[in-house]
Every structure is written in C-alpha cells, then in structure tokens.
Amino acid sequence: MMSKLKNCMTGLATTVFFGAAIATAKDTERQPDIVVYLADDLSASDLALYGGTNIETPAIDQLAQEGMTFDRAFVASPSCAPSRAALLTGLMPARNGAEENHSYPHEDVLKLPVVLNELGYQTVAFGKVAHLRSAPDYQFDTHDRAQDIPAVRKNVQAFLESRTDSRPLALFVGVSNPHVPWPSESTVDPESMSLPVKLLDTPQTRVQRSRYLQEVKDLDAYLGELRQLVDEHLSEDRLFLFSSDHGAQFPFGKWTLYDEGIHIPLIVSREGTIEAGSRTDAMVSWVDILPTLIEVGGGEAPQGIDGKSFAGVLQDPSKSHRERIFTTHSGDKMMNVYLSRSIRTDKYKLIWNPHPEFAFTTHIDLLLRATSGDYFKEWTEAAKSDPHAAEVVASHHGRPEFELFDLTGDPNETKNLADDPKLANVRSSLLAGLKDWMRTQGDELTVFHKPLMLDAPETWVPRKPSTGR
C-alpha cells in the first residue's frame with residue numbers, strides 16, 4: 001500500500017511519498033539497530049578529533065577509531081528548534097515550517113519516526129531529540145523529554161533493561177550538554193586553555209569557556225556509558241551516529257552562519273560495514289541524516305525532500321556528496337531578530353545578511369547571566385578603551401550585508417573578501433546560486449518580530465515575546 005503525505009505552504013507545494021517498496025528488506029533479514037546520540041550546542045572545533053587542544057574526549061575518539069569521521073558536516077540552521085526539525089523531517093527550515101528558534105514543523109510534514117515505524121522499527125527518544133514540546137508530534141513509540149545526563153542515564157537504562165519488543169530498535173538519545181546553564185565548577189583550567197581566535201581573551205571568558213568544556217567532557221563520558229549499555233542489550237549489527245545540533249553559545253558561534261556555529265561533529269560507526277578509523281571530506285548536511293537512516297534501515301528515501309542519503313559515502317569515504325551547502329538563520333524570538341543565509345562550496349562561503357541595519361543581539365549580551373554570558377560585561381568595558389575590543393564587539397552586533405570567505409586560506413573566517421574586486425565574479429555567482437535556491441525553497445526572508453536597530457543601542461534590552469509573527 002502506497003502512502004502519500006502532502007504539505008502545502010504559501011508559494012510552495014511539497015509532496016512526499018513512501019510506501020511498500022521500503023519494506024522489502026525487513027521481510028528477508030533483520031535490519032540493524034540504530035542509535036543516534038546528540039549533543040546540544042557543541043562546536044566541532046572543540047573536539048580533539050577536529051583539532052581542539054583543551055580537553056580529552058576518549059569516548060568520542062574511540063567511536064571515531066571504530067567508524068567514520070565526517071570533516072565537513074553542517075547543520076541546516078544554527079539554533080535548536082529549526083536544526084532538530086530539519087534532522088527529523090529531511091526538509092530545510094522554510095519548507096518544513098520551523099524557521100526561527102522555538103518554532104515547529106507543520107503538522108502534515110512527514111517525520112523520520114513514522115517512516116522507521118513503517119520499516120518495522122521500534123522508535124524511542126530520550127532527552128532533547130526533538131525540541132521541547134514538539135517531541136510528541138514526531139510520533140516516536142516512546143519518548144521522555146528529561147534531558148540532563150543523570151535523568152537520561154536512568155531512563156535509557158531502565159528502558160533497555162525492561163524492553164521486550166522484538167523489532168529492531170531506533171534509539172535516539174539527546175543530552176542538554178553543553179547547552180547553558182553551565183556548572184559553577186570545572187576541572188578544566190581556565191588559564192592554560194586556548195580560545196577561538198574571534199573571542200576576546202578576558203578572565204571571565206576563560207572561566208565560562210572552562211565550564212562549557214566541562215560539559216563537553218561530561219557528555220563524552222556518558223557516550224562511553226551509552227555505548228557499553230547498547231552493547232549489552234542490542235544486536236551486534238548496529239549503526240551508531242554521534243553529532244550536535246549546532247555550535248557553542250559564544251559570540252560568532254550559535255545563531256551565526258560562521259563555521260563556529262554551523263560546522264558540527266559527525267561520526268558514524270557500523271562494525272563490518274563502515275571502515276574503522278576512516279575519514280571523509282564529503283560535504284553533508286543534517287537534512288541528509290534522515291534519508292541515510294532510512295536507507296540503512298532497508299528503505300528508500302521519500303521523494304521531494306531536501307536531504308540526500310550519504311550511505312554511499314559510508315561505504316566509500318572517497319566519494320563526494322554535495323557540491324554546495326546551504327544554511328539559514330531566521331532569529332530566536334525577541335532575543336535575536338536577525339536574518340542570515342549562506343552558500344558554501346569547497347573553497348568559498350558567502351553569507352548574506354539581508355538587513356545589516358538590524359542589531360545582532362542574543363541571550364549572551366542581553367541577559368549577561370552568571371551561568372553563561374556574564375563575560376560580555378568585560379567585553380563592553382574593554383571596548384571603551386581598547387580598539388581591538390571595540391572592533392570585536394562592533395562586529396558581534398553589526399554585520400555587513402555580504403561576507404565572503406576563502407575557506408582554504410582563512411578557515412577561521414577572519415577576513416571578509418566581499419568587496420575584493422578580484423572576487424567580484426565569485427561573489428555574484430554565489431549570490432545568484434543562493435537566491436535561486438531560496439526561490440526553490442519558498443524562502444520569503446520573513447522577519448518574525450520587530451527588530452532592534454543597529455543605530456539605537458539604547459534599545460538593546462530584553463523584550464517580552466511577541467504574540468504575532
């Protein structure tokens with residue numbers, strides 16, 4: 001029996017099909033169990049696997065030794081709700097309906113657990129897999145939203161030890177680490193660590209960075225526990241995937257389209273199928289995970305989605321996957337009313353900020369919390385007398401309309417080449433490609449709330465959520 005789901009949106013109609021053809025594999029052999037472990041607000045660059053030097057993450061390193069590391073994996077959007085919606089629908093934000101943070105996909109958009117159920121899987125989610133109240137909407141067979149590691153540990157263990165379902169299992173586990181609030185104590189020495197090159201080096205920045213890194217260490221430790229637990233309770237044929245929904249909550253990270261915000265860890269292991277210790281530079285997007293898991297489970301990816309299965313790359317790490325990566329950001333309610341769109345190739349990234357007159361503000365600089373962003377007070381104080389600090393703070397709040405980076409020569413994206421006449425053709429070509437893609441998405445560059453203006457810093461204060469869109 002062929003099932004059809006149709007989602008109609010303003011200016012765009014999307015039809016997604018899935019059906020009996022995907023069920024043939026389960027009739028002949030048992031599909032592999034699937035385990036997906038998700039971090040919350042973790043930049044790839046903070047892991048030793050991707051060049052980080054501040055902490056050791058033995059469980060992540062062990063998973064990489066047994067599986068495949070993706071060096072160029074990117075999210076669809078650098079905030080929690082739209083990123084996770086893209087993962088679980090295989091559709092980019094403008095098409096699934098979850099554009100700004102704390103928004104959710106349209107009800108009639110096809111979702112990953114539904115497809116896996118039709119393939120014969122039991123689907124369960126513990127912790128922060130979907131975003132907050134949207135968890136029930138994805139139709140997991142079982143879900144529990146408690147997301148701190150002690151609760152997740154208890155709930156996952158209790159579930160696996162009492163499970164009697166004979167179906168293959170698709171287990172999704174999401175922890176709140178290293179999302180704020182961060183702990184008051186850390187085993188990471190603030191003085192000896194290195195900082196991302198774009199951050200100001202102040203005492204409290206180091207303290208908060210050490211607290212963030214402690215949560216990375218803790219999520220790594222739980223990864224080791226989780227892997228041991230599934231070793232005991234699941235089949236030997238098991239795919240394990242580890243990733244993060246976007247980068248860290250520091251300036252130039254979360255809520256931005258710089259690599260610190262959108263480049264995330266992705267490791268996939270499956271003994272006997274994926275080459276142990278392999279790495280690939282194939283460019284993949286988080287929307288690609290949905291069709292990949294469906295193919296691993298013996299199905300065919302739904303028609304009409306944005307995701308493309310990278311199952312072929314899992315067989316051969318030398319294969320390419322995408323020539324271009326698109327990423328969008330549409331704000332975070334009243335805390336961050338800002339739009340950005342980007343296109344990335346092997347060599348270049350173009351970021352388009354359609355409203356450079358808007359002030360870029362976030363929970364960091366508006367709330368100045370002792371459990372996360374209080375270091376920004378040091379930044380603004382330093383900016384009064386230090387020209388470099390003033391430049392950094394100004395570049396946090398204000399972005400030019402176009403930002404163009406040569407990723408080969410400038411991987412940290414420190415030099416904007418958008419006005420370089422030698423790259424005028426590159427800029428125009430990338431912008432045309434970005435706008436063409438946006439048209440296919442039905443992306444109307446919606447500004448969801450009243451913005452704060454760059455020339456009125458006296459108005460940059462926390463505001464109550466708007467009731468309208």
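**Note on the sheet, a helix packing and the pockets of a predicted model**

1. Contact here means heavy atoms within 4.5 Å. Helices (H or I, at least four residues) and strands (E, at least two) are DSSP runs, numbered from the N terminus. Axes are lines fitted to C-alpha atoms, for helices over the stretch in contact, and angles run from 0 to 180 degrees between N-to-C directions.

2. The model is predicted: local features need pLDDT of at least 70 and side-chain atom pairs count only at pLDDT 80 or more, whereas totals for chains, interfaces and linings use all residues. Residues are numbered from 1 along each chain as its sequence is written, and side-chain values use heavy atoms, with hydrogens and water left out.

3. An open sheet of 8 strands has mixed pairing and the order S6-S5-S7-S3-S8-S9-S4-S10. Its edge strands, S6 (142–144) and S10 (278–285), each pair on one side only. Direction ignored, neighbouring strands of this sheet are turned by 15° against each other on average. Two strands pair if DSSP finds at least two bridges between them.

4. Strands of a sheet pair through backbone hydrogen bonds, either parallel or antiparallel. Strand S5 (residues 122–127) pairs with S6 in the parallel sense, over 3 bridges. Phe126 stands opposite Asp144 in S6.

5. H2 (residues 58–66) also packs with H7, at an angle of about 50° and with the axes 7 Å apart. The two helices are therefore oblique to each other; angles under 35 degrees count as roughly parallel, over 145 as roughly antiparallel, 65 to 115 as roughly perpendicular and the rest as oblique. On the H2 side, Pro58, Ala59, Ile60, Gln62, Leu63 and Glu66 meet Leu219, Asp220, Leu223, Gly224 and Arg227 of H7. The residues of this contact divide into 6 nonpolar, 2 polar and 3 charged. Ala, Val, Leu, Ile, Met, Phe, Trp, Tyr, Cys and Pro count as nonpolar, Asp, Glu, Lys and Arg as charged, and the others, Gly among them, as polar.

6. The largest pocket has a volume of about 750 Å³. It is lined by 35 residues, of which Ser45, Asp259, Glu260, Pro411 and Asn412 are the closest to its centre. Strand S4 (68–74), helix H7 (203–233) and helix H8 (259–262) each give two or more residues to this lining, and the largest share, 3 residues, comes from S4. By class, the lining has 14 nonpolar, 10 polar and 11 charged residues. On a 1 Å grid over the protein atoms alone, a pocket is an open set of points with protein on both sides within 12 Å along at least five of seven lines, a cavity is a set where a 1.4 Å probe fits but cannot get out, and lining residues have an atom within 4 Å of a point. Grid points are joined across faces, edges and corners, and a volume is the space filled by probe spheres set on the points.

7. The second largest pocket holds about 360 Å³ of space. Among its 16 lining residues, Lys198, Phe252, Ser395, Glu413 and Thr414 lie nearest its centre. Helix H13 (387–397) gives the most to this lining, with 4 residues.

8. The structure holds 4 cavities of 30 Å³ or more, and the largest cavity has a volume of about 40 Å³. Residues lining the largest cavity include Trp255, Tyr338, Phe360, Arg399 and Glu403.
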